[in-house]
Amino acid sequence: VGAAHSPQNVEIMTVIHEQVKKRFADWIEKKVKIRPDEEMFFSAEARRKTDFKAVDSFIRAIQQGELRDKFLKSPAIQIFLGKPHVSDRWGLARVKELIALSQGRIIKVDENSPTLHETFLGEDKRLVGRVFFVPNLNTEEADVIFQGADLGNMWSLLETEASATGYMKWLTNAVPVLVSRTGGPLEHVRDGENGMFIKDYERVQRGAKQFSAPSPDGLIGKLVEMAEIYERSKNHAVDDRWDTPWHRMMWAALQTTPEVDIERTLERYFNELWSPAYRAKRKVKEVLAKNIQPDQILASDEFRDLLSAALRQRDGEKPSLAKILGAYLVTKSPPELLDLFRPISEMTLEEAREEFGEENIPRVMALTGMAAPSLLDNGIQHWNENVFEGFAQVRGILRSGKLAFHNSDHDSVL
């Protein structure tokens with residue numbers, strides 16, 4: 001496809017898409033023995049089935065009669081691809097529910113049951129040919145999927161998605177996307193231009209915790225909206241369809257390609273994340289070297305005990321910045337860190353300025369926030385409101401320890 005936004009180039013893009021959509025329909029028919037209607041809107045979700053990839057938002061929508069009717073009255077076909085990990089009972093349960101929907105059966109599967117017990121909720125044969133589930137997903141067949149759909153989907157919990165690459169694959173193939181407002185899409189998706197964000201969310205239970213997932217109504221509403229834009233645009237005459245809302249969205253998706261290019265991504269990662277983190281870590285080591293003997297650092301258990309004792313306010317002793325940094329480097333246990341950082345959180349701003357210096361206040365807050373985020377709610381939040389607000393936006397991730405205590409992320413955190 002040429003670079004200029006012109007009738008000729010959009011027509012080339014459209015013809016290519018029609019060809020690969022037919023190939024996708026052929027592939028689905030071969031896999032599941034039912035052929036999706038190529039005149040309808042192919043919406044695809046191709047991801048591993050696990051609890052932070054919120055496929056259950058769609059399932060719960062179809063379990064509700066009103067939302068099911070809304071979906072079935074639209075021109076959309078929903079195609080699911082992928083599989084769960086063999087030990088992921090949540091994912092295995094959702095796959096059983098999706099397979100049932102593709103057969104016109106509506107069930108609820110209990111992932112906590114040893115046998116993944118099914119509860120039959122009803123039957124609606126209109127779902128056959130409108131919901132598909134194709135097991136597995138592999139690199140050899142990925143091009144068929146990521147090129148052939150009309151819409152790509154990334155539905156995720158707001159608190160747990162990082163930068164899923166699936167939505168990028170759709171965009172680079174001129175496929176608009178419907179995504180949760182989180183993670184990587186915030187950088188690449190322009191709402192209403194190359195895709196849409198789901199706007200409405202609700203709290204859902206995952207184990208002992210609650211998270212924000214797309215609401216069934218919010219998901220179906222946006223899915224149907226995009227299907228209707230597609231349908232209206234498809235019915236335009238061939239000679240003027242290049243400038244319809246849907247074809248403009250396809251074109252805008254294609255233009256996102258340079259933004260998700262791997263070389264650009266690696267360059268940004270090196271310059272904006274890895275290199276500054278590396279320099280910061282070297283600086284931390286320099287500070288430690290001036291204040292703590294190397295043999296103490298090498299004996300990490302002994303050193304940790306030493307720091308633990310020093311950081312407890314005994315006889316009026318206050319922790320130094322070097323000891324705080326040392327404790328963070330050698331201590332990975334959240335309960336221990338909470339104990340180590342509690343004396344800091346109890347300081348007044350004046351005490352902190354005297355102990356650490358004005359320029360180090362944000363650093364001490366940042367270290368405290370990463371190591372023991374719950375302590376930010378103490379008086380420390382008033383040291384610097386901007387730093388506190390910044391941590392408030394990611395406190396859910398920090399509170400779970402996902403950043404601070406994941407070994408592969410430790411250098412980047414520092």
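Accessible areas here come from the Shrake-Rupley method with a 1.4 Å probe, and for residues only the protein chains shown count as cover. On that basis the protein chain has an accessible surface of about 20000 Å², and 52% of that surface belongs to carbon and sulfur atoms.

This is a predicted model, in which local features need pLDDT of at least 70 and side-chain atom pairs count only at pLDDT 80 or more, while totals for chains, interfaces and linings use all residues. Residues are numbered from 1 along each chain as its sequence is written, and side-chain values use heavy atoms, with hydrogens and water left out.

First, the chain overall. Of its 414 residues, 49% are buried, where buried means under 20% relative accessible area, exposed means over 50%, and partly exposed is in between (1.4 Å probe, protein chains only). The chain has 19 helices and 10 strands; these are DSSP runs numbered from the N terminus, helices being H or I of at least four residues and strands E of at least two.

Strand 1 (residues 41-46) and strand 6 (residues 151-154) run parallel and are joined by 2 bridges. Serine 43 has leucine 151 of strand 6 as its bridge partner. Contact means heavy atoms within 4.5 Å.

Next, a helix pair. Helix 8 (residues 216-234) packs against helix 9 (residues 245-254) at an angle of about 110 degrees, with the axes 7 Å apart. Axes are lines fitted to C-alpha atoms, for helices over the stretch in contact, and angles run from 0 to 180 degrees between N-to-C directions. Helix 8 provides Met226, Ile229, Tyr230 and Ser233, and helix 9 provides Pro245, Trp246, His247 and Met249.

Last, one residue. Where is arginine 181? It lies in the loop between strand 7 (177-179) and helix 7 (185-188). Arginine 181 is partly exposed, at a relative accessible area of 39%. Beyond its neighbours within four places in sequence, arginine 181 is in contact with residues including Leu158, Asp191 and Tyr201. Tryptophan 155 is 26 residues from arginine 181 in sequence, and their C-alpha atoms are 9.0 Å apart.

How values were computed:
Pairing = 2+ DSSP bridges.
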